[in-house]
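Me: I am new to this structure and should like to understand the reasoning behind the terms applied to it. Please set each value against the definition on which it rests.

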Amino acid sequence: MFWLPDRDRYIAEDLWWEGRGDYSTSFCSHCGGQCLECYRCTDCDGGRLLCRSCIKEVHICNALHRISVWNGQYFTETSLKSIGLRIQLGHRTGEQCLLPQPAFADGFVIIDINGVHEVALDFCNCQTSQLHFIQLLRYRWLPATVSHPRTACTFRALKHFQLLSFESKISGFEFYHTLTRLSENTGITPPKDRYRSFMVMIRIYRHIKMLKRSGKGHDAGGAAATKPGECAVKCPACPQPQMNLPPGWEHTENSKHHLYRLFLGIDANFRLKWKNVSSDEADPGLSNGWAYFVGKTDFKEFLRDYGDKTVQARSTCSNHSAVNADRSGKGLAATSVGTVDCARHDLKLPTSVGSLQKGERYVNMDYFFFSSICNTPLMDIVVSYDIACQWSINLWAHMATYPCRLHTNADGNKSFYFLVPKFHLPAHVIACQSTYSFNFNRHVGRTDGEAPERGWAHNNPIASSVKEMGPGSRHDTMDDHFGDWNWRKTTLMGMSLLRKMKVAVEERNDRRFLHNQFEAGLPQGRVDKWRLELDAWELDHSCRNPYRPRFKWLTQDAVQRRLAIEEAEDMANEMAYVLHTEVSASSLISMGLDLEEQQRSLGNADAGLGQHATEDQKGQLQIHTNILRRRILTWIDIQHLYMPGLCIVCASDSAVTLLSKAHHSRVEKIPLYLPSATPQKLEWELRCAQANDALDELRDSLWLRSYLYIDKDRFQRGQRSNTRSRSIIQSALLKLAPILDEANLLDQDIRGLSEADDSTRAGGRVLEGRRTLSWIWMHLGDDAQVNDKGFHDALRIEWCKSKARADRWSEEVELLGEEMWRVCAFFESRAAEWEHRSEYAKPAFAEGRIVYATNQAGQFRAMREHCQALWRFPVAAARGGPMNSRRAHWQAGN
């Protein structure tokens, strides 16, 4: 805020401009003559004062500037039209027409970036004159209609609005009314209302620009020859046959097939609703299926014929509310929008977007999916969908009933892999979390499958405006925004892939090193067996899943049952240690654990009672308190039989007896003194004397704790054992660290096999691809624990995950290298395409067509050279990637 001391000066300078400033004399600063009326242009720099004739002369080429006149006391707003300036169309600037034809009522309205203007406009009516709308277009004004135009908008204002809507998501209503306030902000003399005309011109501008950029202006067939999806901006990094794939890619060896995989992401957005307003007849779309939205006519016919025939089975996985819920919505024609995106680069695919009328129905999503891939010759396709585990089950059966134009893989030579996005996967049942995981399936790199979510986040702000539009306006507007999203992604592809490559190379090296280090401490025979299992499962998921646990740890109920059986056997053999007729030692411990849980529950209930609890609530709490106190007193009586040494523990605590504490303390604070809370750990302390033995105990405890956590999560059990286990593990590690030369033991070292440290978490989620093992699992010692079935199960799973992390990062480096090559090849292909288009040019428009095509070709070549310069050193660091084998070809720009 260094300017604050001078803020009064800022105000003074702003006020200075309200007067005549440096031009306080009554002479014209242009011709030097006497000014009877002094004019100043608001939009010209310098603020000089001009006479009436000079202000007209200097604004022949700037007829939409705003001017004001000095009335002797202050400046009042006026217009160039009021001082006699007329705009002549159909001739060069400054030339006069012999047969001028004034616009209707001599009040033509022009919308520009500085306001809404009413101008004096003359059309050329000479014998060789063009139609009126052509004359306006050649003046770079876009008319609202072809017949007898009365309103137009400058191309610069339309471009300004379009870019502003892309970046800020401003609506046409907000932009137009901003311009009207620039023209008149008091409400006394508002300009003529041309809001509807402005919205029409916006649609026209978007449409002609889309066709122009897709080369339709160079097509002999014109716009009518446009094919479905031809106006969409394609992903330069995805495999595009005949554009960025090497010759003979179809016959490449099996080990390289994954380099030409197409990664797709499917999702629906329930924020992009659409009210049931207007109709296709009143508001038809201008680009019916030419860009991202599917063709409206074909889609409606498909839903009419197959909407009720496609049976959608109830989910056998988690309760996927998006699919099963009734989201019809009163007064809505569409509850959401579904899409198919490029899953690795977040671009919308051509003819892949459409409206959903009721929930996320399979029949709609099937149509979008098959529409986006029905013509692709690619052999391998990875499909990411948050309900892929259910949607893919009957997908091919559904396709067999659909029209032939939607069929794909008719000869069965294509491979489809259905996975679930990483963020959505934890919501699925356990069986899905490895089979449909991007982390555990080969040849997918570090793809997360969440691409549509990122695209929705960018386009969600337009939801409130498109919801009120007619069907055609809605589709055209969203197509325009999707096209800009794709183009922005294309222009940022260089930096995006560079950043990803830098991270991937570093992570690949780290994960390989950590995996090799972990594997070196494992028995080679077991590792070889695990590797065979993993390879078999990755090729065929019907094989035994190495990521699924095969050892189930005993639950508390199972332990109690086993102890009861052992006691029954001891009593049969007259060897039972029973000091009470009804309660055994194991039953005493189980009762104590239950009482401890009841104490916690009662304490939580008391804390949540609040200041305004009713008498009934307080009474119920007191009844539960009394019952629990009686149970604890009874339990303590029996406890003294089995733990006679407990009196010594109590005597050291201010000589207060245990029964006295139970009678006078708050019931949830009564200490129960379970065996683990007393200093009777001699056996455990002795077994921890040796470093290797202590480390085995530590790993076993962490492994046991992990299983207890899983058991708690699945069955809503408590975590009594976990709290005590953590403290025991902590003390063991503190004693063990010096023996292993780990001088500074950190909290993140105390982790189970599958636990992550804080550095690999994002928003509370564990990033599996970045997770690392604690050092305590790198020193396995002897084979005593490794031969344990449960521990062997945990080690196998963690070895598979460790290998998967290393493999995915290696694949990511390989895929990124291939994508870099494809981007450069794509840009070169686009440049060659535009050069070829320049050869077609009608004589009347030859120069403009050639110039535009040449400019486009130069633009794509500049983008290719920019990427080559960015990627020169990261590609070299990748080593061994596919880019290296093509480096000479790539650098030559072929």
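Me: How do you know that the span of helix H6 (residues 195-213) agrees with what its 19 residues should give?

Reply: In this predicted model, the end C-alpha atoms of H6 are 27 Å apart. The expected span is 1.5 Å times one less than the number of residues. For the 19 residues of H6 that rule gives 27 Å, so the two values agree.

Me: Which residues of H6 are called buried, and what makes them so?

Reply: Buried means under 20% relative accessible area. In H6 the buried residues include Phe 198, Met 201, Ile 202, Tyr 205 and Leu 211; Arg 203, Arg 206, His 207 and Lys 209 are also among them. The buried residues of H6 pack against strands E6 (108-112), E8 (141-143) and E9 (151-154), as well as helices H4 (155-168), H5 (172-183) and H15 (471-491). Just after H6, Gly 215 takes a positive phi of about 90°.

Me: Why is Asn 459 called buried?

Reply: The relative accessible area of Asn 459 is 0%, and the term requires a value under 20%. Asn 459 therefore qualifies as buried. Asn 459 lies in helix H13 (residues 451-459). Neighbours within four places in sequence aside, Asn 459 is in contact with Lys 169, Leu 272, His 481, Phe 482 and Trp 485.

Me: Why are strands E1 (39-41) and E3 (75-78) said to stand at the edges of their sheet?

Reply: The sheet is open, with 3 strands in the order E1-E2-E3 and antiparallel pairing. E1 and E3 each have a single partner strand, so one side of each is left without a neighbour in the sheet. From one strand to the next, the twist averages 35°.

Me: What makes a group of residues a nonpolar core, and which residues have the most contacts inside the largest one?

Reply: The largest has 80 residues, and Phe 369 and Trp 391 have the most contacts inside it. Helix H26 (residues 789-837) gives the most to this core, with 11 residues. Apart from it lies another core, of 30 residues, including Cys 38, Ile 55, Val 69 and Leu 121.

Terms used
Residues numbered from 1 in each chain as written. Predicted model: local features only at pLDDT ≥ 70, side-chain atom pairs only at ≥ 80, totals over all residues. Heavy atoms only, no water. Pairing = 2+ DSSP bridges. Helix = DSSP H or I, 4+ residues; strand = E, 2+ residues; numbered from the N terminus. Axes fitted to C-alpha atoms, helices over the stretch in contact; angles between N-to-C directions. Core = buried A, V, L, I, M, F, W, Y, C linked by side-chain atoms within 4.5 Å. Buried < 20%, exposed > 50% of the residue type's maximum accessible area, 1.4 Å probe, protein only. Contact = heavy atoms within 4.5 Å.
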